[in-house]
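Here is a brief report on one protein model. It covers a helix, the nonpolar cores and a surface patch.

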Amino acid sequence: MIRTEHFLEDAEAWLRTRLAQLRARYPETASHTPECRQAWNRMLCEADLIALTWPREYGGRELPTATLIAFHELCARLHAPQPINSIAHAILAPTLLRFGTPAQKALFLPGIRDGSEIWCQGYSEPRTGSDLSSVRTRAIPEDSGWRISGHKIWTTQAHLAKWCFALVRTEPGSQAHRGLSFMLIDMQAEGVRVEPIRQMTGEADYNEVLFEAVAVPDGRILGEPGEGWRVAMAAAEYERGIYFMPRVVQLEAELAQLTEALAQAPLAQVERAVQARRVSELADLCQVIRWRVDRVLRQVAEGNTPGIDGAMLKLLWSETRQRIWEHRVELLGEAAILGPQADAPHAEAASVLREFLWSRAETIVAGTSEIQRNIVGERVLGLPKDRGQHA
């Protein structure tokens, strides 16, 4: 078995070399672009750095979860981009390994491992907010499988994806979280239509996805029909576990950048003191988040799920990140009017604007702050349950 310290030493050397090559083509301010993220995804796949903890029978290295955590932290500290297929790497693959049949694993894992097949996640629907149990997309059984019709929205990178994992109602007359199935859908199938949604940043990473009587063959439900809620909640635990590590390291780096920007800003003494106090409060919050993520990662490394800690972490992280970027924009002064797509020599200011605008979505995606507070209130404080059940 490869020793963790040897693997990490080799991985760091590889990362430094390959990131230097990547930055020759894409500066760090372009890390968010699909082109940069796709290039980085290819590099990781070619170096066999995707399936670190997978069983060897599926092309994995069978490394300990603690090593995977350390690798993700190393990537984040070296400012590596988020690979374009991170949804598949960190959420779908472990869910597939846990719930999938041998045939499903043989069909789907190779495309994730070699980077040839990108995935998207089909949960949210129009007029349902963050209540995942209000799914109206339906699949009707037929001789060779299912026929699915419905409408998903805010589907990240659906325009690039080969496959989608989606919550679909498969039991007629069922309500809330009962009667849902976790379905694996071919995005190139006849009847799938993808419409981009233009964001405040000028980008179009989000999409509407319409399923118009799409044929889904047998064998494309993960787990049993009707137990999609259980599978989706397990997937959410992966999302709030290791998948979160790079974001917390990134948050710490963003706090350091804010501190440096404050030191360089031409402010009056009184205003500098006010800003410094606000940054100090954010530093305290970042320390709490670090303690919280360390607790979550210890649970994951021991084979447990984050549970309520994952909800608390997502809530703290998203709201703290919004505050950090609000402060960065304030310190930009009049440069803030340039917008997120300004060219050189204003690329740095444009990058700040882009991150500020993007951060507005972070209290919505992966469960809104309101939903996370409901979870904490119900499971920790014992408050009466809100209508329905939430992720």
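## Helix, cores and patch

His79, which follows α3, has a positive phi, near 60°. The model is a predicted one. Helix α3 itself covers residues 65-77, 13 residues in total. From first C-alpha to last, α3 reaches 19 Å, close to the 18 Å expected at 1.5 Å a residue. Buried positions in α3 are Thr67, Leu68, Ile69, Phe71, Glu73, Leu74, Cys75 and Ala76.

The largest nonpolar core has 30 residues. Trp119, Tyr123, Phe165 and Phe182 have the most contacts inside this core.

The largest share, seven residues, comes from α4. Leaving aside residues up to four places away in sequence, Tyr123 touches Leu132, Lys152, Phe165, Leu167, Phe182, Ala232 and Ala235. Another core lies apart from the largest one. This other core has 24 residues, including Leu19, Tyr26, Cys36 and Leu52.

Now the surface. Val380, Leu381 and Leu383 make a nonpolar surface patch of about 290 Å². Val380 lies in the segment after α11, the helix at 369-379. Is Val380 buried, exposed or partly exposed? Val380 counts as partly exposed because its relative accessibility is 44%, and that class lies between under 20% for buried and over 50% for exposed.

Technical notes. Residues numbered from 1 in each chain as written. Predicted model: local features only at pLDDT ≥ 70, side-chain atom pairs only at ≥ 80, totals over all residues. Heavy atoms only, no water. Patch = residues over 30% accessible without salt bridge, like charges linked within 9 Å, V, L, I, M, F, W, Y side chains within 5 Å. Areas by Shrake-Rupley, 256 points an atom, 1.4 Å probe, with all protein chains shown as cover. Salt bridge = Lys/Arg side-chain N within 4 Å of Asp/Glu carboxyl O. Helix = DSSP H or I, 4+ residues; strand = E, 2+ residues; numbered from the N terminus. Buried < 20%, exposed > 50% of the residue type's maximum accessible area, 1.4 Å probe, protein only. Expected span 1.5 Å × (residues − 1). Core = buried A, V, L, I, M, F, W, Y, C linked by side-chain atoms within 4.5 Å. Contact = heavy atoms within 4.5 Å.
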